[in-house]
Amino acid sequence: SLPLGCETQTKDRKNAWVVGVAGGLLSGTYMRFADELAQVLDDGDNLRVLPIVTYGAASNLDDLLYLRGVDVAITQSDVFEYFRTQRKVPNLESRVNYLIRLPVSEMHVLARDEIKSIADLKGKKVNFGPAGSASSLTGSIVFQRLGVEVEQVLYDNPTALQKLKTGELAALVRVIPKPVEFFGKIPAGSGLHFVSIPFTRAFADYYTVGEFSHKEYPGLVGDGERVDTLAVPAVLAVFNWPKYTDRYRRVERFTQQLFAKWDKFQQPPRHPKWRDVNPAATVPGWTRWAPADEILKHMNA
């Protein structure tokens with residue numbers, strides 16, 4: 001009977017401090033962030049971070065709200081706003097909080113050379129990434145606000161790139177922190193380019209100005225040129241578990257470790273974007289999770 005008891009103990013010990021983090025698509029920067037959270041914060045049986053490959057920033061908020069085993073998720077401020085205003089999720093502000101503001105995600109619109117402006121895409125087939133991705137939501141909002149009606153399709157990104165090359169699609173959209181290898185690998189002379197998105201007052205609520213340079217995407221942006229685009233703040237969100245519950249304690253430990261080991265995220269080989277994160281930066285319209293707020297107050301004091 002001893003081994004069975006030992007097995008149960010082992011199982012309990014292994015599961016006691018597990019925190020599930022919804023990352024994103026495998027080829028995206030969000031998934032890389034989730035993976036690096038695990039690499040830096042994992043501490044044997046004291047804390048185990050499980051990065052989860054998902055459909056992206058929009059579905060991550062769904063997962064945080066409803067999927068078993070998800071305590072932390074990477075999402076975006078406009079996704080939160082969409083769930084609050086359009087999906088009308090009850091008590092969203094009290095159920096979902098944030099730990100830190102992550103770097104912005106730029107909207108990449110890759111089009112065939114004959115497409116000179118966003119307006120040229122009117123009535124054409126545009127891929128908005130798989131359903132649940134950041135682009136499926138942010139892309140729809142942006143095109144709607146620009147008043148450019150397109151025929152929206154939802155292929156995975158590699159398939160969309162093939163269809164773009166053959167002319168089946170006019171453009172594809174990805175909302176992801178730059179630079180991303182998916183675009184970086186496209187050589188010069190491919191017949192494809194980035195379309196600029198003008199920043200207008202219509203975007204002043206959740207979006208900021210972004211740009212792409214030759215250094216980031218040498219095959220798509222000419223030397224000395226830049227392409228203007230929109231960017232949206234990303235967020236490390238947490239489910240606001242009732243205080244003193246098992247899940248609350250796990251997320252609290254995750255949060256303590258995140259701030260205690262913050263300097264480790266600033267060093268190679270971690271993603272250079274971590275260096276753009278100011279842990280004290282706030283996210284408009286969101287509430288910082290109380291334990292994170294406490295830790296930051298102590299750090300500042």
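**Entry 1: before starting**

I reminded myself that this is a predicted model. I kept that in mind for each entry below.

**Entry 2: helices α3 and α4**

I began with helix α3, which covers residues 57–66, and helix α4, which covers residues 77–85. Their axes come within 9 Å of each other. I looked up the angle next, and they cross at roughly 60 degrees. That makes α3 oblique to α4. I also checked the hand of the crossing, and α3 passes α4 in a right-handed one.

Which residues make the contact? On the α3 side I found A57, A58, L61, D62 and L65. On the α4 side I found V79, F80 and F83. Sorted by class, this contact of α3 with α4 has 7 nonpolar residues, no polar ones and 1 charged one.

**Entry 3: more on α4**

I stayed with α4 and asked which of its residues are buried. My list reads S77, D78, V79, F80, E81 and F83. What do the buried residues of α4 pack against? Helix α3 is one of the partners, and so are the helices α5 (92–95) and α6 (134–146). I also noted the strands β3 (72–76), β4 (96–112) and β10 (226–239).

**Entry 4: helices α9 and α11**

I then turned to helix α9 (residues 246–260) and helix α11 (residues 290–300). Here the axes come within 10 Å and cross at roughly 30 degrees. That angle is under the 35 degree cut-off, so α9 counts as roughly parallel to α11. The crossing of α9 past α11 is right-handed.

I wrote down who meets whom. From α9 come Y248, E252, T255, Q256 and F259. From α11 come P291, A292, I295, L296 and M299. The residues of this α9 and α11 contact divide into 7 nonpolar, 2 polar and 1 charged.

**Entry 5: salt bridges**

A friendly reminder to myself: side chains of opposite charge can pair when their charged atoms come close. How many salt bridges are there? The count comes to 18. I looked at a few of them.

I picked R13 and D45, whose closest N and O atoms are 2.6 Å apart. R13 sits in helix α1 (residues 2–16), while D45 is in the loop between α2 (29–41) and β2 (48–53), so this pair ties together parts that are 32 residues apart in sequence.

My next pair was E168 and K163, with the closest N and O atoms 3.2 Å apart. E168 is partly exposed at 46% relative accessibility. K163 is buried, with a relative accessible area of 19%. I checked the cut-off here, because buried means under 20%.

My last pair was R288 and D293, with the closest N and O atoms 4.0 Å apart. R288 is buried, with a relative accessible area of 11%. D293 is partly exposed at 28%.

**Entry 6: looking back**

What did I learn about the two helix pairs? I noted α3 as oblique to α4 and α9 as roughly parallel to α11.

Definitions and conventions:
Residues are numbered from 1 along each chain as its sequence is written. This is a predicted model: local features need pLDDT of at least 70, side-chain atom pairs count only at pLDDT 80 or more; totals for chains, interfaces and linings use all residues. Side-chain values use heavy atoms; hydrogens and water are left out. Axes are lines fitted to C-alpha atoms, for helices over the stretch in contact, and angles run from 0 to 180 degrees between N-to-C directions. Helices (H or I, at least four residues) and strands (E, at least two) are DSSP runs, numbered from the N terminus. Angles under 35 degrees count as roughly parallel, over 145 as roughly antiparallel, 65 to 115 as roughly perpendicular and the rest as oblique. A crossing is left-handed if the near helix is turned anticlockwise from the far one by less than a right angle, and right-handed if clockwise. Contact means heavy atoms within 4.5 Å. Ala, Val, Leu, Ile, Met, Phe, Trp, Tyr, Cys and Pro count as nonpolar, Asp, Glu, Lys and Arg as charged, and the others, Gly among them, as polar. A salt bridge is a side-chain nitrogen of Lys or Arg within 4 Å of a carboxyl oxygen of Asp or Glu. Buried means under 20% relative accessible area, exposed over 50%, partly exposed in between (1.4 Å probe, protein chains only).
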